[in-house]
Amino acid sequence: MKFCRNADRAAYRAALRIAHRTLITLLLVPMCQSVALAQQPSGMGGSASGAPSKPVHDAQNRPITAGGFVSSGSIVFKDVSKSSGLASWRHVMGTPQKKYILETDGSGVGLIDYDNDGWLDIYLVNGSTYDALDGKTTPPHAALFHNNHDGTFTDVAEQAGVTNDRWGFGVAIADYDNDGWPDIFVANYGKNRLYHNNHDGTFTDVGEKAGITLGNWSDGVAWGDYDGDGKLDLFVTGYLHYDAHNQPSFGDPAVPDAFCQLRGMAVMCGPRGLKGEPDHLFHNNGDGTFTDVSVKAGVSDPGGYYGFTAIFADMENNGRQDLLVANDSTPNYLYHNKGDGTFEDDSYISGFAVNKDGREIASMGLAVGDYRNNGLLDILVTDFSDDYKVLYRNDGDLNFSDVSDEVGIASLPIPFLGWGAGLFDYDNDGWKDIFMVNGHVYPQVDQHDWGTSYAQRTLLYRNLQGQKFEYIPPVKGSGLAVVTPGRGAAFGDLFNDGKIDAVISPVDGPAVLLRNVNPDHHHWVELKLVGGAKSPRDAVGATVYLTANGMRQREDILSGGSFISSNDQRAHFGLGDAKDAGTAEIHWPSGAQETVKIPAVDRIYTITEGKGITGALCTGQPCPSR
């Protein structure tokens, strides 16, 4: 079994690459899967995969997940949930008791400039209730908060026709028909939605016509042009094959009690012990319809893993979109794009399937970003409490190493249960930082002295020039000190001030908007890309390298990520104290490459493929002509 140990993982990956799915692959992968399963602690149900940890408390004897505040220090984020209007909306999912797993996972957040006014709006998916599912009561609505350009937002979901009114989970934003207007996909328990933007502030659900509704439990979603034809394709993760009218609970003979317990306490059952739902890849036919090519492409998930967050991204720097899938309590997927319309499952070969202990984790959130500024995309995964969160370093050639201990993020997050994940530069120093959104799935943890809590605070780590990450403690009363049962989260520049903000959707609670008020005076630049005739119009799948301030940064235009959410699709670069905005090298999805000199700092530029800069915003308004 030595191939499954971290010390020999590089040799294991090399052997598998040489074997190319010959007999060695067929023998070693199942062997390592068996080892990983055998390492799972007995009597641990739910999504837990690590051994029970010792309680951690702060100086006031509060669980560290809901405490650990400091009295002074830099205030990075300010909670503007109420003043912005977002706190007027509330997420609802099942009952507060969370007796069943359908009620626990929460929903995603999508950042979208739906009216093309240059300001990000916010789409918040909602859950539902059993009475609403049965048609007995009015279901809770999703929200579409229009950005009023003055720090406030107005919910226009009903007028826009995007209330969903189904049991909602994931969301991803993309211009799937290349008409210049962003559309919304919502993954549901039940039929999915595809909201087509009508260009007038309203949307029409075209899911049935498009052929993407499915019908059981879809959770995450990502858009990406996997075959390079200039049209965005759709990947939808399946979580559980589930019957809301026949839900498993502790004592149910169909599910072993071990899968319905946490530290010997009866809790909701699953996902272990329950049947998984397959994943689906839909090819964009270019006429408003899609064809399910999951099996043909090799990404159908025949093992029925519990799929959460997915991202299309070029992990190998070859111009092709690979596919990452964070799976709950089962091995993660890394699908290598072969360039012929199919993918190769390199999950174990790459090192992404499991952590450094050879053990699958309860992966929830997923973020990719170049934290070392070396041109390679690294991967951040959030997971369950009683386990560390994993940063996978990209070593090139689709090889990844778990460096969580090495960079200093392994110990503190163990009591936290992680969901939303971000790799972005919060202080504009040119280095991507780590942001994690947390919240437990079992309300019962508040009844026990386990050093964790149901509602939890976020975690922020500052990047120390690609070598280590420095924990930023939460100042009392600041945004980092907000305690809520967090789930979905999206990150972007909501106020067009060059600082990345965070929108969090808790389960059963009001939305949270954390405005970035970090006191740095660093410069920045943002690039909104518009694809040409052979690229997706919104340039999803493009990669931008900015050379400025003595470094070369990378940003990718993505649809999907965090926890079943969708971030700002403008490339954001911190410049430190540099006053020269540098030069952008854009690798368009079409395969074309373009170099553009950026004229000035602290601007949001629009760059159209083949045409260079075609627009600019200064403090949220068109820049004055010289």
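**Exercise 1.** Why does Cys 618 count as buried?

*Solution.* Start with the cut-offs: buried means under 20% relative accessible area, exposed over 50%, and partly exposed in between (1.4 Å probe, protein chains only). Cys 618 has 12% relative accessibility, so it counts as buried.

Before going on, note that this is a predicted model, in which local features need pLDDT of at least 70, side-chain atom pairs count only at pLDDT 80 or more, and totals for chains, interfaces and linings use all residues. Residues are numbered from 1 along each chain as its sequence is written, and side-chain values use heavy atoms, with hydrogens and water left out.

**Exercise 2.** Find the disulfides (pairs of cysteine sulfur atoms within 2.5 Å) and describe each one.

*Solution.* Step one: searching the whole structure gives two disulfides.

Step two: Cys 618 pairs with Cys 623, with sulfur atoms 1.9 Å apart. This link is right-handed, with 105° about the S-S bond. Cys 623 has a relative accessible area of 24%, so it is partly exposed.

Step three: the sulfur atoms of Cys 260 and Cys 269 lie 2.0 Å apart in their disulfide. The torsion about their S-S bond is about 105°, so this disulfide is right-handed. Cys 260 and Cys 269 are both buried.

**Exercise 3.** Which residues have the most contacts inside the largest nonpolar core?

*Solution.* A nonpolar core is a set of buried Ala, Val, Leu, Ile, Met, Phe, Trp, Tyr and Cys residues joined through side-chain atoms within 4.5 Å. The largest has 39 residues, and Trp 223, Leu 527, Leu 529 and Ile 598 have the most contacts inside it. Apart from that core lies another, of 36 residues, including Trp 450 and Ile 564.
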